[in-house]
Amino acid sequence: MDRVPRELPGARAPRWLLALPWVLLAVAEAAQFLTPETVQLGFVFAVLPMLASLAYGMAGTLLLSTAIMLLLALPEARAEHISSGDLLALGLIGAVSTLLAWVRGRRNAQLVTVRTVAEAAQYAVLPPLPPRVGPVRCGALYRAAVRTALVGGDLYDVQPGPYGVRAVVADVKGHGLGAVSTVAALLGAFREAVLDEPELAGVAARMDRRLVVDAARREDEELFATALLLEFPACGGDGPGASEGDGADAAGGPRGAEAEPVAGAGGAAEGDGADAAGGPRGAEAEPGGPRGGGARPAGGAPVEARLLSCGHPPPFVVGRNGAREVAMESGPPLGLGLTRSAAPEPLTVALEPSCMLLAYTDGVTEARDASGRFYPLGDRVRPEREPAALVKAVWRDLSAYTGEIADDVALLALRVDPGE
């Protein structure tokens, strides 16, 4: 997983600032020789130690201050208007600048310690995503709106479980550090539900209940979140929760959920070179069409995913022919207490092995360019070989399109390796 943190302001001096005190010292000394004695440049030498305290630590500031004193003390380099009192004043300025550099160094060390602790706490909330979870290859990118923060109001996670590999992408109310506690609560509820709930609707209900309970403790604050749940069923759809007679169809999805054919993300359907199962013409299909396990590309195992949206934007399917948005029904957001009764049936999407699912938060599609136009994600996505490369390419393009992004951004790309 890639984070997009921004460095702590002032934590590291730029190279030009490191060179500036010595360059100014050389320029001031050369100007002292080239100008008449009536031109006094002593004030320039007095500024240099204070400038050095911003660029260096105590040792560097002391070195520069000592060099100035030695240079001006030499008869060949000392101007006539620089008296012993001036040298004493410069020495005091150098001593004070050295003390300021020492204080600044201690403060920076404390800030580094505090930031290290803060980063450890944030990584505990949203740990780095491994490149592979079971048979699913993962690519993720996170950028928090708050400067230097690693976690904001968006979240994602991919977890293995007895019912397959499940993933979530969600966006809680608000953004930045104020939403981190809600993010932590949702992630905890998701990780527990992955192990216990046989259906995605049950996972969504557990997360919804978590927000309802937390909102009851905050009488003056409303909590809700949009979420997209994804599932790659175990054993090609025959996980522990799927069997005849328990409300699941042959594809492993809930009864009534239609499999959406996808051919290379190009939207191919009947009559345009694809068979009824959504695969390319010539690809073998499981008996029974989409309900019999989805598309079986030639030489590859069936690849399918189940999707459930709780007020969240639908994902894109990215393949060799480009990207298209999955047409799916959305239920109410989490936190309203309506998920268990009003959630739609999960949608089963049949995919070619080369296709990737790209989920995102609204910080991506609501980003604007200088003229106020929203970022057209579906039109600008280009196929990549790996999920990690896909999210990096989207981030680079988004940054170039919008410049400064004021909202949290989360991207999650998933692809199943056939036969694994």
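Student: Happy to start with helix H10 (residues 387–402): what should the 16 residues of H10 span at 1.5 Å a residue, and how far apart are the end C-alpha atoms?
Tutor: Good place to begin, and do keep in mind that this is a predicted model. At 1.5 Å a residue, the 16 residues of H10 should span 22 Å. The computed value agrees with that, since the end C-alpha atoms of H10 are apart by 23 Å.

Student: Just after H10, which residue takes a positive phi?
Tutor: H10 runs over residues 387–402. Just after H10 comes a positive phi of about 80°, and the residue that takes it is Gly403.

Student: Turning to S14, how many of its residues are buried?
Tutor: S14 covers residues 409–416. Val409, Leu411, Ala413 and Arg415 point one way, while Ala410, Leu412, Leu414 and Val416 point the other way, and all are buried. S14 is therefore largely enclosed by the rest of the structure, with a buried count of eight of the eight residues.

Student: Over how many bridges do S3 and S14 pair?
Tutor: S3 spans residues 136–143, and seven of its eight residues are buried. Its pairing with S14 can be followed from Arg137, whose bridge partner is Arg415, to Arg143, whose bridge partner is Val409. The sense is antiparallel, and the number of bridges is eight.

Student: What is the bridge partner of Leu357 in S14?
Tutor: Strand S13 (residues 356–360) is joined to S14 by four bridges, and the two strands run antiparallel. Leu357 belongs to this pairing, and its bridge partner in S14 is Leu414.

Student: In the hairpin of S2 and S3, which residue takes a positive phi?
Tutor: Strand S2 (residues 132–133) runs antiparallel to S3 and is joined to it by two bridges. Val133 has Val136 as its bridge partner in S3. Two residues lie between the strands, and the one with a positive phi near 60° is Gly134.

Student: Which residues touch the most other members of the largest nonpolar core?
Tutor: This core has 59 residues. Its largest share, eight residues, comes from helix H5 (residues 180–196). Apart from it lies another core of 21 residues, among them Leu377, Val391, Leu398 and Ile405. In the largest core, the residues touching the most other members are Val158, Met207, Leu229, Leu412 and Leu414.

Student: Against which elements do the buried residues of H5 pack?
Tutor: H5 has 17 residues and reaches 25 Å from its first C-alpha to its last, close to the expected 24 Å. Its buried residues include Leu186, Ala189 and Phe190, and Met207 touches these three, as well as Val168, Leu229 and Leu334. The elements that the buried residues of H5 pack against are helix H4 (84–125), strand S4 (154–161), strand S5 (164–172), helix H6 (200–217) and strand S6 (225–233).

Student: Are helices H1 and H3 roughly parallel or roughly antiparallel to each other?
Tutor: Helix H1 (residues 15–34) meets helix H3 (residues 58–73) through Pro21, Trp22, Leu25 and Glu29, with Leu63 and Leu64 among the residues on the H3 side. Their axes are 11 Å apart and the packing angle is about 10°. Angles under 35 degrees count as roughly parallel. H1 and H3 are therefore roughly parallel.

Student: And how do H3 and H4 run, roughly parallel or roughly antiparallel?
Tutor: Here the angle is about 170°, with the axes 8 Å apart. The contact includes Met58, Thr61 and Leu62 of H3, and Gly91, Gly94 and Trp102 of H4. Angles over 145 degrees count as roughly antiparallel. H3 and H4 are therefore roughly antiparallel.

Notes. Residues numbered from 1 in each chain as written. Predicted model: local features only at pLDDT ≥ 70, side-chain atom pairs only at ≥ 80, totals over all residues. Heavy atoms only, no water. Buried < 20%, exposed > 50% of the residue type's maximum accessible area, 1.4 Å probe, protein only. Pairing = 2+ DSSP bridges. Core = buried A, V, L, I, M, F, W, Y, C linked by side-chain atoms within 4.5 Å. Contact = heavy atoms within 4.5 Å. Expected span 1.5 Å × (residues − 1). Axes fitted to C-alpha atoms, helices over the stretch in contact; angles between N-to-C directions. Parallel < 35°, antiparallel > 145°, perpendicular 65-115°, else oblique. Lists of a residue's contacts leave out its neighbours within four places in sequence.
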